[in-house]
Structure formats: structure tokens, C-alpha cells
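Let's walk through this structure together, starting from the strands and working out to the side-chain contacts. Keep the viewer open as you read.

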Amino acid sequence: QVRLQESGPGLVMPSQTLSLTCTVSGGPVTSTFHHWSWIRQAPGKGLEWMGVIAADGMTHYNPSLKSRSSISRDTAKNQFSLQVSSVTPEDTAVYYCVRAVRFLGYDYWGQGTQVTVSS
């Protein structure tokens, strides 16, 4: 059974860096069949794809967030992480880590974690 679990602070101060980690169980983050993404949903808005890390470690980002975002992984802990710098209240959202099957789409989602940017 594959399971993804997000973790990180629920409250971040404006201008600081948001850091989230996704712990994966039931399959390796190095699987050649899967990519690992972060997706968020701000209040009253739709889902926003933020970026992905592929099996080979290559990363790709939403152009609107590329300058502030970084995705990395720790293969020893079977985790991948997201950092967003210089956050503003507009970064307040529920953040999801998601697995995708190459060429087929998303198959497993974390439960989501609420991050609020506020002073």
C-alpha cells in the first residue's frame, strides 16, 4: 500500500521560507515508473501544480513559482521536499504531495497539509 504523508509547519511568517517534506511508504522515490509532485490549493481557488522531481532527480517547476521554489529528495529516508522562499499571504494554501505514474497521471495523494502565511 502506497502512502504519502506531508509534514511541516502550519504557520509561516511573510518573507520567510516555507519547507515541507513528503514521506513515502510502499514504494521508492527512485522508482523509474513514477514522478513526485507538489500541488497546492489556495482558499477559493483551483489546484495549482508547483513542480515535480523525476526518478532521475531532474526537477521541473511551474514558471510562475520557479524563481522561489525548490524540490529535492532524500533517498535514504524515502522523502522528497519542497521549499518556497519569500512567501506572502498569497502562498496560504493546502499543500499536497502526489505521485504520478509516468505517462498515465496521478495515482496517490497525501492527505494535504494547511500552510498559512501570516504575521
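What follows is a tour of a sheet, a disulfide, some salt bridges and a hairpin.

A word on the ground rules before we dig in. This is a predicted model, where local features need pLDDT of at least 70 and side-chain atom pairs count only at pLDDT 80 or more, while totals for chains, interfaces and linings use all residues. Residues are numbered from 1 along each chain as its sequence is written, and side-chain values use heavy atoms, with hydrogens and water left out.

Start with the sheet. Strands here are DSSP runs of E with at least two residues, numbered from the N terminus, and two of them pair if DSSP finds at least two bridges between them. Four strands make up an open sheet in the order β1-β3-β8-β7, and the pairing is antiparallel. At the edges sit β1 (3-7) and β7 (69-74), each of which pairs on one side only. Going from one strand to the next, the twist averages 20°, taken between lines fitted to C-alpha atoms, with angles running from 0 to 180 degrees between N-to-C directions.

Now zoom in on β3 and β8. Residues 18-25 form β3 and residues 79-84 form β8, and six bridges hold this antiparallel pair.

Which cysteine does Cys-22 join in a disulfide? The partner is Cys-97, with the sulfurs 2.1 Å apart. The model holds one disulfide, counting pairs of cysteine sulfur atoms within 2.5 Å. This link spans distant parts of the chain, since Cys-22 is in strand β3 and Cys-97 is in strand β9 (residues 93-101), 75 residues apart. The torsion about the S-S bond is about 65°, so the disulfide is right-handed. Is Cys-22 buried or exposed? Cys-22 counts as buried because its relative accessibility is 0%, and Cys-97 is buried at 0% as well. Buried here means under 20% relative accessible area, exposed means over 50%, and partly exposed is in between (1.4 Å probe, protein chains only).

On to the charged side chains. There are four salt bridges, each being a side-chain nitrogen of Lys or Arg within 4 Å of a carboxyl oxygen of Asp or Glu. One of them pairs Arg-40 with Glu-48, whose closest N and O atoms are 2.7 Å apart. Arg-40 is buried at 6% relative accessible area, whereas Glu-48 is partly exposed at 24%. Another brings Arg-68 and Asp-91 together at 2.9 Å, N to O. That pair also links distant parts of the chain: Arg-68 lies in the loop between β6 (59-61) and β7, Asp-91 in the loop between β8 and β9, 23 residues apart. Arg-68 is partly exposed at 21%, but Asp-91 is buried at 1%. Arg-40, Glu-48, Arg-68 and Asp-91 are linked in a network of salt bridges.

Finally, look at the hairpin of β9 and β10. β10 covers residues 105-109 and runs antiparallel to β9, joined by four bridges. Val-101 stands opposite Gly-105. Three residues lie between the strands, and Phe-103 has a positive phi near 70°. Arg-99 and Asp-107 form a salt bridge too, with N and O 2.6 Å apart at the closest. Arg-99 is buried at 8%, while Asp-107 is partly exposed at 30%.
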